[in-house]
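This report covers aromatic contacts and a surface patch. The sequence and structure come first.

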Amino acid sequence: MSELIFVTTENCELCSKAEKKIRFLKIFFSIKKVDVQSEYKEYLLRVPVLIKNEKVLVEGLFSRLSIVKNLFF
């Protein structure tokens, strides 16, 4: 199973909304949730960020359409 990395931070409303939008991906991928303060500090001003194979798929405002588009097409 492929892994997605979800970069987030505490008290982030965008991160909470994005996390709800990526739940459906648990069927296809394992999702590793990472705090930007401990890893991936280069994304500090871009959270939330979804990464697959070191490629940023979506950042900031997530939509299910953009997630699917960037993952599968």
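Is F28 buried, exposed or partly exposed? F28 is partly exposed, with a relative accessible area of 46%; buried means under 20%, exposed over 50%, and partly exposed in between (1.4 Å probe, protein chains only).

The model is predicted: local features need pLDDT of at least 70, side-chain atom pairs count only at pLDDT 80 or more, and totals for chains, interfaces and linings use all residues. Residues are numbered from 1 along each chain as its sequence is written, and side-chain values use heavy atoms, with hydrogens and water left out.

The count of aromatic pairs is four. Rings of Phe, Tyr and Trp (its six-membered ring) pair if their centres lie within 6.5 Å; planes under 30 degrees apart count as stacked, over 60 as edge-to-face and the rest as tilted. Two of the pairs are tabulated.

| Pair | Centre to centre | Angle between planes | Type |
|---|---|---|---|
| F6 and F62 | 6.1 Å | 80 degrees | edge-to-face |
| F28 and F72 | 6.3 Å | 75 degrees | edge-to-face |

F28 lies in the loop between α1 and β2 and F72 in helix α2, so their pair ties together parts 44 residues apart in sequence. Helices (H or I, at least four residues) and strands (E, at least two) are DSSP runs, numbered from the N terminus. F72 is also partly exposed, at 43% relative accessibility. F28, F29 and F72 form one aromatic cluster.

F6 and F62 are both buried.
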